[in-house]
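Subject: Structure handover

Hi,

Here is the structure I promised to pass on. Please load it first, then read the notes below it.

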Amino acid sequence: GGPSLAFTSEAPACGVTHTGQGRGMLNVDYDNDGDQDLVIFTNDGPLTLYRNDLSPAGPTSPTHWLRVFLSTRGTPGLAPNGYGAHVTARVGATTINRWIHGGSNFVSQSELSAHFGLGAAAVIDELQVTWPNGQLSTWSNVASDRTITLRSCRSDVNDDGASSVQDLFDFLAGYFTSNADFNLSGQTTVQDIFDFLAAWFAGCS
C-alpha cells in the first residue's frame with residue numbers, strides 16, 4: 001500500500017464558522033481584488049458572505065494571482081464563457097490546471113473563471129487554453145495580478161462575434177490610450193500592434 005494521507009480542517013482558522021442549514025456554496029471574486037470570496041446560501045434564510053482579503057504581493061507576502069475569463073463569441077459551436085475549456089498555467093516546472101464548468105455546487109454556481117494562485121511568481125511562463133473543439137491557444141510570459149479575458153478568436157477584441165475592421169479601430173483606440181496589452185505582457189508596446197495584426201489577418205477560424 002501507499003503512504004497514509006490525512007486532511008486537516010482549516011476552515012475555522014480562516015474564520016469560516018457557518019453552522020446553518022447550508023444549501024448552496026460558491027466562490028466568486030465579488031470585490032475584484034484578486035482573491036476568491038465565499039458565499040453560502042441557507043435553507044429559507046439569509047446568505048453568508050466570507051470576504052477573502054489577502055495582503056498585496058510583496059517581499060514578505062508572495063500572493064501573486066491571475067483571474068481568467070474566456071470568450072467564445074468569435075467561434076461558432078462553442079458554448080458561452082468557455083464552458084468545457086481546460087486552462088493551464090505553467091510556472092517553471094509547476095503546471096496548474098483549471099476547468100471551466102457548470103454544476104460546481106448544489107443549487108449554486110461559482111463564477112466561470114480560472115483563478116490561479118501564483119505565490120511568488122509575478123509572471124506565468126505559459127498560459128494555455130484547450131477549447132472544447134480541440135483548438136489550442138497559448139500565451140507566453142503573462143503578467144500576473146489582474147483579471148483578463150482570453151478569446152477563442154484573438155482578433156475579436158470587441159467581442160461582437162466577428163473579426164472585422166471595427167476590431168482594428170477598437171484595438172488602435174486602446175493602443176493610443178495605453179490600454180491594448182494584446183500579448184498580455186503587462187504593458188502596451190509596439191509589439192502588441194504586430195501581434196494583433198498577425199491575429200487579425202489570420203481571422204477567426
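Start with the pair D125 and R90. They form a salt bridge, with the closest N and O atoms 3.9 Å apart. D125 sits in strand β8 (residues 123–130) and R90 in strand β5 (residues 86–91), so the contact ties together parts that are 35 residues apart in sequence. How covered are the two partners? D125 is partly exposed, at 27% relative accessibility. R90 is also partly exposed, at 32%. Keep in mind that this is a predicted model.

Other salt bridges

The whole structure holds seven salt bridges. Here are some more of them.

- R146 and D181 meet through their side chains at 2.8 Å, N to O. This pair links distant parts of the chain, 35 residues apart: R146 is in strand β10 (residues 146–151), and D181 is in the loop between α1 (165–175) and α2 (190–202). D181 has a relative accessible area of 18%, so it counts as buried, the limit being under 20%.
- D159 pairs with R151, and their closest N and O atoms are 3.0 Å apart. D159 has a relative accessible area of 22%, which makes it partly exposed.
- D29, R67 and E111 are joined in a network of salt bridges.

As background, side chains of opposite charge can pair when their charged atoms come close.

The largest pocket

Some of these residues come back here. The largest pocket has about 400 Å³ of space. Its lining counts 17 residues. Which of them lie nearest its centre? They are T149, R151, V157, D181 and F182.

β10 and α1 each supply at least two lining residues. β10 gives the most, with four. By class, the lining has eight nonpolar, five polar and four charged residues.

The second largest pocket

This one has about 310 Å³ of space. It is lined by 16 residues, and N27, Q36, S110, E111 and S113 lie nearest its centre. E111 also belongs to the salt-bridge network with D29 and R67.

β6 (94–99) and β7 (114–119) each supply at least two residues of this lining. β7 gives the most, with three. The classes here are four nonpolar, ten polar and two charged.

Strand β4 and its partners

How many residues of strand β4 (residues 64–71) are buried? Seven of its eight are, and the strand is mostly covered. β4 pairs with β7 in the antiparallel sense, over five bridges. L66 has F116 in β7 as its bridge partner. β4 also pairs with β10, this time in parallel, over six bridges. There, L70 has L150 as its bridge partner. In general, strands of a sheet pair through backbone hydrogen bonds, either parallel or antiparallel.

β10 gives the most to the lining of the largest pocket. β7 gives the most to the lining of the second largest pocket.

The four-stranded sheet

Four strands form an open sheet in the order β6-β5-β8-β9, with antiparallel pairing. The edge strands are β6 and β9 (136–143), and each pairs on one side only. The twist averages 20° from one strand to the next.

β5 and β6 run antiparallel and are joined by six bridges. One of the facing pairs is V87 with R98 in β6.

The three-stranded sheet

Another open sheet has three strands in the order β1-β2-β3, paired antiparallel. β1 (22–28) and β3 (48–50) stand at the edges with a single partner strand each, so one side of each is left without a neighbour in the sheet. Neighbouring strands are turned by 15° against each other on average, direction ignored.

Strand β2 (residues 37–42) meets β3 through three bridges, and the two run antiparallel. V39 stands opposite L49 in β3.

Best wishes

Key:
Residues are numbered from 1 along each chain as its sequence is written. This is a predicted model: local features need pLDDT of at least 70, side-chain atom pairs count only at pLDDT 80 or more; totals for chains, interfaces and linings use all residues. Side-chain values use heavy atoms; hydrogens and water are left out. A salt bridge is a side-chain nitrogen of Lys or Arg within 4 Å of a carboxyl oxygen of Asp or Glu. Buried means under 20% relative accessible area, exposed over 50%, partly exposed in between (1.4 Å probe, protein chains only). Two strands pair if DSSP finds at least two bridges between them. Axes are lines fitted to C-alpha atoms, for helices over the stretch in contact, and angles run from 0 to 180 degrees between N-to-C directions. On a 1 Å grid over the protein atoms alone, a cavity is a set of points where a 1.4 Å probe fits but cannot get out, and a pocket is an open set with protein on both sides within 12 Å along at least five of seven lines; lining residues have an atom within 4 Å of a point. Grid points are joined across faces, edges and corners, and a volume is the space filled by probe spheres set on the points. Ala, Val, Leu, Ile, Met, Phe, Trp, Tyr, Cys and Pro count as nonpolar, Asp, Glu, Lys and Arg as charged, and the others, Gly among them, as polar.
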